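Dear colleague,

Please find below the structure that I am handing over to you.

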Amino acid sequence: MGIFMIGVLPTLRLGLSFASLFGVIAFSISGFTYPVPSMNPTLQAISQLFPLRHYFLIYVDQALNGRALYYSMPQYLMLAAFMLLPFLVARNLKKALLYFKYIP
């Protein structure tokens, strides 16, 4: 996710602000502070866009409940999909790394 954020917002200031906002919202909406099934259906759908939610579900399924790996496959597939995100911004990332001009 960090590489994707740098590709989308190549300015370090904006990238750090976006990463901070993403992290705070991830803890709030991933099910750590409030259970996702009790949330509004729109927020339930948005919670799937955060990798932390899938890590949390894998942890609960396998470490706490002792379920087989088969039952956590959708979460593993979503984490694999998150690994493909940097390829969507590879062109922007290359341009930012080669031709970046610092403007304070």
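A residue is called buried under 20% relative accessible area, exposed over 50%, and partly exposed in between, using a 1.4 Å probe and protein chains only. At 11% relative accessibility, Asp61 therefore counts as buried. The model is predicted, with local features needing pLDDT of at least 70 and side-chain atom pairs counting only at pLDDT 80 or more, while totals for chains, interfaces and linings use all residues. Residues are numbered from 1 along each chain as its sequence is written, and side-chain values use heavy atoms, leaving out hydrogens and water.

Asp61 lies in helix α4, a helix being a DSSP run (H or I) of at least four residues, numbered from the N terminus. Beyond its neighbours within four places in sequence, Asp61 is in contact (heavy atoms within 4.5 Å) with Gly66, Arg67, Tyr71, Ser72 and Gln75. The C-alpha atoms of Asp61 and Tyr71 are separated by 7.8 Å, although the two residues are 10 apart along the chain.

Asp61 is also one of the α4 residues that meet α5, where the partners include Gln75, Tyr76 and Phe82.

Yours sincerely

Notes:
Helices (H or I, at least four residues) and strands (E, at least two) are DSSP runs, numbered from the N terminus.
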